[in-house]
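Have a look at the sequence and the model, then read on.

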Amino acid sequence: MSKIFKNQIFIPVAALLLLMLFNLVIDPSFFKISMGVNSAGNPVLSGYLITIINNGSELAILAIGMTLVTAASGGQDISVGAAIAIAGSTMLRVLCGTNTRPDTLRTPIFVAFIVGCLVAMAFGAFNGVLVSIFKIQPMVATLILYTAGRSIAAWINNNELPIISDPKFGYYGGFIPGIPIPTPFFIAMGCVVIIALVLKFTNLGLYTQAVGINESSSRLNGINPVFIKWLTFVILGACVAVAALIKVSRLSSINYSVIAKDIEMDAILAVALGGNALSGGKFNMAASIIGAFVIQTLTTTLFKYNVPSDALPAYKAIVVIALVVFSAPTFRDAVSKFVKNIKGGKSKEVAHV
Amino acid sequence: MSKISNKFKDMTDTNLLLTITVVVFFLMYIGAIVFQGKGFLKPQTFFNILNTNAALIILSCGMSLVMITGGIDISVGGVTALVSMCCAVYLDFKGGNVAVSMLIAILIGLAYGVVQGFLVAYLDIQPFIVSLAGMFFARGMTTIVNTNPFNVANEKFVALKETRIIVPGMGTVNKLGKYVDAYVEIGVIVALIIVILMFCLLRWTKLGRSFYAVGGNKQSALMLGINVKKTKFLSHILCSLLAGIGGYVYFLHVGSGAVTHAQGAEMNAIASSIIGGTMLTGGVGNIIGTFFGVLSLSTIQNIVASAGLDQAWWTGITIAAMLCIFLVVQSVVMARKKRAIKK
């Protein structure tokens, strides 16, 4: 029993179950999934659960990269939202050129994605260099891109807002004809499978944790901490590019100041919710990914009860604080001591009798 | 030559970084005067920088305190917005008076400090996560208090807002040959008083020195008999209290309540502190440096604006570039110094 409680994955799963239970008690229609037809005439599933797996996809993808960065460098990347804006803007620029309302795409979508991916990875590498070589704290180093990112994104497209009318581009953030499950979910699952294989068949996970736990001793054991830290930021860059493709595809357009706003906060929360220490070291990838879906479940639940989107953060904050307090070691120790005291008191009474 | 390098070695980290910041600020301002023309020669241009950034100065002071202690507080922007909105609603809808609204601002700040300080210091939760939730909460609460932005029409408040303090001898003659007095707003006076108070606190009081000790090395601080938890707690209380005061000064400057107020102020405050030579690892920093950090940040904004690069993105990019340069310079200087000491 206590083994279950001590398992890291327990926290996000418990949180998820708690949220589901809440919804089940208040309004069971939360779980209803219906088959409908979208504007293009394709069969699609709709329902709150589908919304969660649809909108939670980007978050889950980002959580993968963020977990690695957190584990290796003991800090977080706060520039992912801005980086998504840059990558998305680049993709649109490649697809549209200077014409903001193209009838046909200039290049295949795949090429645009590769270019966007390279740009995002380059910015990730920039962050990585600041963190690993110049030894600047990750949060501060990424503050640079956080400040400049959206400006750079606007600058790439000359502050114009291209709109893509080709329906094929919308598949990545919507539905592929004939498949009723939203595409982002498949993309997210693909990323999860890739990272699972990478962690299983390479030493990436081991090295990352080693660097996060003790940098000097991992260097003495022949690991290059500078490279590992840099690598995690580049991987996060790749995750950002995938998330950006989904985000841009959803709208077939971009809004530089709004796209992926505050997503960095959600991604960090997903990592924290997964029970991973934000100060680096050991990590549990599955817990982080479930954490991402917990955050999305919370958001969707709040939207369901007509909480205005601006007021959403207040409720989120309360839940987050509650979760973080419950998972804090100090708090747990205090509780277990308290429980022991009560039990101890009882057994003493018994002894007296 | 060896004398110079000796001096370099003797300098404390704090003074070294402070010197860099102050020198860069003056070079930048002189550069602005030379290349941008006479606008920057007018004292009023400088005072306007102070007027618009009085709140940021106060917020950055609080931020520096927390950063010196080894923490961070990203809720200050949210608190500013919350304070503005609460005070605006109280003054306009409830017909309240100005003194009570100031009390509200301070109480909001204090409440924030107590909760965040407790979570960070006594429950050992990372300050980043706590203040992240704090920021979310403040932004959300601002919307819940009132969604629509509006200007405050309360007469006494407007009178206070319009109060100008004339700086003697700094006025200029305008194009019509009329003498125009240079002025600052009340907020600037408040900000300067706080800068001086915090400087004294950090330099000459036991509490201030223990901030440095805790930020520099927690373990050693504990062995010196410093109550680490209490010190951290107090640093967060002070920071949030200053955020409350800064929020009111911001409110006094803009005279309205809106959800979007002080968007990104926390990042500007962190950036100013870093430019001012405070290090996020803790134990290094100076309030005077922070003050110059804010000035540098806003001077570069002014330069960008007056250079005709008024597209919004240039501001973001230049600030980021500046932040980048400062961070790299700091990192290189500190690494060199460490090597010099080892030799």
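Which residue forms a salt bridge with Asp27(A)? The partner is Lys304(A), and in this predicted model the closest N and O atoms of the two are 2.7 Å apart. Across all chains, the count comes to 7 salt bridges. Here are some of them, one group at a time.

**Asp27(A) and Lys304(A)**
- Asp27(A) is partly exposed, at 25% relative accessible area, whereas Lys304(A) is buried, at 13%.

**Glu215(A) and Lys229(A)**
- The side chains of Glu215(A) and Lys229(A) form a salt bridge too, at 3.1 Å from N to O.
- Glu215(A) is in helix α9 (residues 215-220) and Lys229(A) is in helix α10 (residues 225-251), so the pair ties together parts of chain A that are 14 residues apart in sequence.
- With a relative accessibility of 24%, Glu215(A) is partly exposed; Lys229(A) comes in at 10% and is buried.

**Over in chain B**
- Glu162(B) and Arg164(B) meet through their side chains in a salt bridge, at 3.9 Å from N to O.
- Glu162(B) is partly exposed, with a relative accessible area of 43%, and Arg164(B) also counts as partly exposed, at 34%.

**A network**
- Back in chain A, Glu58(A), Lys247(A) and Arg250(A) are joined into one network by salt bridges that share partners.

Technical notes: Residues are numbered from 1 along each chain as its sequence is written. Chains are lettered from A and ligands numbered from 1 in the order in which they are written. This is a predicted model: local features need pLDDT of at least 70, side-chain atom pairs count only at pLDDT 80 or more; totals for chains, interfaces and linings use all residues. Side-chain values use heavy atoms; hydrogens and water are left out. A salt bridge is a side-chain nitrogen of Lys or Arg within 4 Å of a carboxyl oxygen of Asp or Glu. Buried means under 20% relative accessible area, exposed over 50%, partly exposed in between (1.4 Å probe, protein chains only). Helices (H or I, at least four residues) and strands (E, at least two) are DSSP runs, numbered from the N terminus.
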